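Please look over the helix packing in the model below. The notes that follow it are grouped by topic.

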Amino acid sequence: MEQRHCEEEFKHIQNPKCMTFNELESIGMGLFGHSWKAQLAESLNVDRRNITNWEKQGVAKWVYAELKAIIQMRKAQLLAAEQLYDLI
């Protein structure tokens, strides 16, 4: 089983959320498909290599909170696309 990594700087947060790289990969694939690393890096405003490094170093703790906003944004984009489709 993949080990969860929590960064020291976030230990003061009550019940901090950590995620494995496999969890991040599954969410990233769901959000963006096969080019998930590049698109997630752009959404997080980080270099794509950071995401690759998280596989060995553990996912940066701050990513968990940012993913919720990205998921909400993608849901809104998909809803808008569906509404446009229905108008055609």
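This is a predicted model: local features need pLDDT of at least 70, side-chain atom pairs count only at pLDDT 80 or more; totals for chains, interfaces and linings use all residues.

Residues are numbered from 1 along each chain as its sequence is written, and side-chain values use heavy atoms, with hydrogens and water left out. Helices (H or I, at least four residues) are DSSP runs numbered from the N terminus. Axes are lines fitted to C-alpha atoms over the stretch in contact, and angles run from 0 to 180 degrees between N-to-C directions.

**H1 and H4**

- The axes of helix H1 (residues 21-32) and helix H4 (residues 63-87) cross at roughly 20° and come within 11 Å.
- H1 is therefore roughly parallel to H4 (angles under 35 degrees count as such).
- The crossing of H1 past H4 is left-handed, meaning that the near helix is turned anticlockwise from the far one by less than a right angle; clockwise would be right-handed.
- Leu24, Ile27, Leu31 and Phe32 of H1 make the contact with Val63, Leu67, Ile70, Ile71 and Arg74 of H4 (contact means heavy atoms within 4.5 Å).
- These residues of the H1 and H4 contact divide into eight nonpolar, no polar and one charged. In this scheme Ala, Val, Leu, Ile, Met, Phe, Trp, Tyr, Cys and Pro count as nonpolar, Asp, Glu, Lys and Arg as charged, and the others, Gly among them, as polar.

**H1 and H2**

- H1 and helix H2 (residues 36-44) have axes that come within 9 Å and cross at roughly 90°.
- H1 and H2 are therefore roughly perpendicular to each other (65 to 115 degrees).
- On the H1 side, Phe21, Leu24, Glu25, Gly28, Met29 and Phe32 meet Trp36, Lys37, Gln39, Leu40 and Ser43 in H2.
- The H1 and H2 contact has six nonpolar, three polar and two charged residues.

**H2 and H3**

- H2 and H3 pack with their axes 8 Å apart, at an angle of about 115°.
- Their crossing is right-handed.
- Trp36, Lys37, Ala38, Leu40, Ala41 and Leu44 of H2 make the contact with Arg48, Ile51, Thr52 and Trp54 of H3.
- By class, the H2 and H3 contact has seven nonpolar, one polar and two charged residues.

**Aromatic pairs**

- There are two aromatic pairs, counted where ring centres of Phe, Tyr and Trp (its six-membered ring) lie within 6.5 Å.
- One of them is Phe21 with Trp36, a tilted pair at 5.9 Å centre to centre with 55° between the planes (under 30 degrees is stacked, over 60 edge-to-face, the rest tilted).
- Phe21 in H1 and Trp36 in H2 are 15 residues apart, and the pair links distant parts of the chain.

**Ends of H3**

- Gly58 follows H3 and has a positive phi, near 95°.

Methods
Helices (H or I, at least four residues) and strands (E, at least two) are DSSP runs, numbered from the N terminus. Angles under 35 degrees count as roughly parallel, over 145 as roughly antiparallel, 65 to 115 as roughly perpendicular and the rest as oblique.
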